[in-house]
Amino acid sequence: MRVDIGGQAVIEGVMMKSKNYYSVAVRKPDNSTDVDVKKSSSFLDKSKFFRLPIIRGVVVFVESLVVGTKTLSYSAEILGEDEDEDPSKFELWLRDKLGDKTEKIFLVITMMISFALSITIFMVLPMWLSQLFRYFISSSFVLNLIEGVFRITIFLIYMKLISNMKDIKRTFMYHGAEHKAINCLESELPLTIENVQTSTRLHKSCGTSFLFIVMVVSILVFSVFTTTNIWLRTVIRIIMVPVISGISYEFIRWARKNPDNSLASFVSKPGLWLQKEFTTLEPDEGQIEVAILALNAVLEKEEEV
């Protein structure tokens with residue numbers, strides 16, 4: 001039975017997601033592992049509207065943010081269980097006031113802050129920087145191209161900076177383990193450490209490739225909506241993010257279903273290069289073991305469906 005799997009690296013672990021379940025496997029400080037499996041539901045299954053092209057991309061994007069934030073929080077919580085630090089007075093006060101809703105509220109706040117920062121840094125800031133050229137460049141299309149160059153440059157600088165951080169390097173190793181395990185599965189090989197280790201750590205459907213496609217698609221989309229009003233341009237950049245993510249998803253989906261297509265292979269190369277140079281590293285056997293545990297957990301559940 002063919003099962004489409006997506007995934008994500010978390011803190012000292014890996015998340016794997018199938019259609020009906022997602023799992024998180026985390027390596028604890030005492031070298032033991034913790035595996036948690038939860039039922040997953042999607043708006044794609046609730047209405048034909050949500051399965052329409054572009055719309056489904058927006059749905060998948062939002063749902064991925066939610067699951068990704070949840071699993072990151074879970075992995076941090078698991079690792080924090082081994083620390084002897086007592087809750088701060090602020091944490092105790094929040095738990096007293098909010099009760100069981102504390103974690104959900106923190107999750108929403110975290111997502112909102114992360115989304116706002118991402119939009120500001122990668123969408124709004126490049127647009128404002130491009131406006132420095134508006135006094136001697138009248139073409140909106142050229143300004144959009146300059147904005148795109150700024151956007152890609154900022155993204156590459158960001159990736160270079162975080163890739164030098166020790167904790168991020170370990171996360172990128174788990175990212176490599178996640179890709180290797182999925183590639184091993186898609187090659188229909190047994191999920192052993194040896195088979196996973198020899199699989200490639202690059203994958204066309206990676207979020208890194210998706211982000212690069214977003215950069216390119218944004219140039220094309222913003223070229224359609226031209227205006228000289230800088231505040232209106234700012235608003236357009238913000239409200240068009242869902243549309244851009246939806247279009248980008250359609251391309252990634254098409255490229256995954258047509259791996260032998262020359263156009264798909266050509267346009268996928270920048271994303272694969274980013275994975276190779278920045279966002280994935282070769283994992284060790286322990287990290288591969290964690291990825292296999294997470295993958296097997298969802299596969300076992302899918303077999304029960």
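Is cysteine 206 buried or exposed, going by its relative accessible area? I began my notebook with this residue and found that cysteine 206 is buried, with a relative accessible area of 4%, where buried means under 20% relative accessible area, exposed means over 50%, and partly exposed is what lies in between, computed with a 1.4 Å probe on protein chains only.

**Ground rules.** I noted that this is a predicted model, in which local features need pLDDT of at least 70 and side-chain atom pairs count only at pLDDT 80 or more, while totals for chains, interfaces and linings use all residues. Residues are numbered from 1 along each chain as its sequence is written, and side-chain values use heavy atoms, with hydrogens and water left out.

**Cysteines.** I looked next for disulfides, a disulfide being a covalent bond between the sulfur atoms of two cysteines, counted here when a pair of cysteine sulfur atoms lies within 2.5 Å. The structure holds zero of them. The closest cysteine sulfur to that of cysteine 206 belongs to cysteine 184, and because the two are 18 Å apart, they are too far for a bond. Cysteine 184 also counts as buried, at 0% relative accessibility.

**Two helices.** I then turned to α1 (residues 55–80) and α9 (residues 241–257), which pack at an angle of about 100° with their axes 7 Å apart. Helices here are DSSP runs of H or I with at least four residues, strands are runs of E with at least two, and both are numbered from the N terminus. The axes are lines fitted to C-alpha atoms, for helices over the stretch in contact, and the angles run from 0 to 180 degrees between N-to-C directions. The pair α1 and α9 is therefore roughly perpendicular, a word that covers 65 to 115 degrees, whereas under 35 is roughly parallel, over 145 roughly antiparallel and the rest oblique. From α1 the contact (heavy atoms within 4.5 Å) uses Arg56, Gly57, Val58, Val60 and Phe61, and from α9 the residues include Tyr249, Glu250 and Arg253.

**Valine 241.** Within helix α9 I picked out valine 241, which counts as buried at 8% relative accessibility. Leaving aside neighbours within four places in sequence, valine 241 is in contact with Phe115, Ile119 and Met123. I also noted that the C-alpha atoms of valine 241 and tryptophan 254, which are 13 residues apart along the chain, are separated by 20 Å.

**Cores.** Which residues have the most contacts inside the largest nonpolar core? I found Ile5, Val14, Met16, Leu191, Val196 and Leu295, in a core of 21 residues; such a core is a set of buried Ala, Val, Leu, Ile, Met, Phe, Trp, Tyr and Cys residues joined through side-chain atoms within 4.5 Å. Two or more residues of this core come from each of β2 (13–17), β3 (21–27), α5 (166–186) and α11 (285–304), and α11 gives the most, with eight. Another core lies apart from it, with 14 residues, among them Ile119, Phe210, Ile213 and Val221.

**Positive phi.** Last, I checked two residues other than glycine. Isoleucine 54, in the loop between β4 (33–39) and α1, has a positive phi near 75° and is partly exposed, with a relative accessible area of 32%. Glutamate 188, in the loop between α5 and α6 (193–198), has a positive phi near 60°, and this glutamate counts as exposed at 71% relative accessibility.
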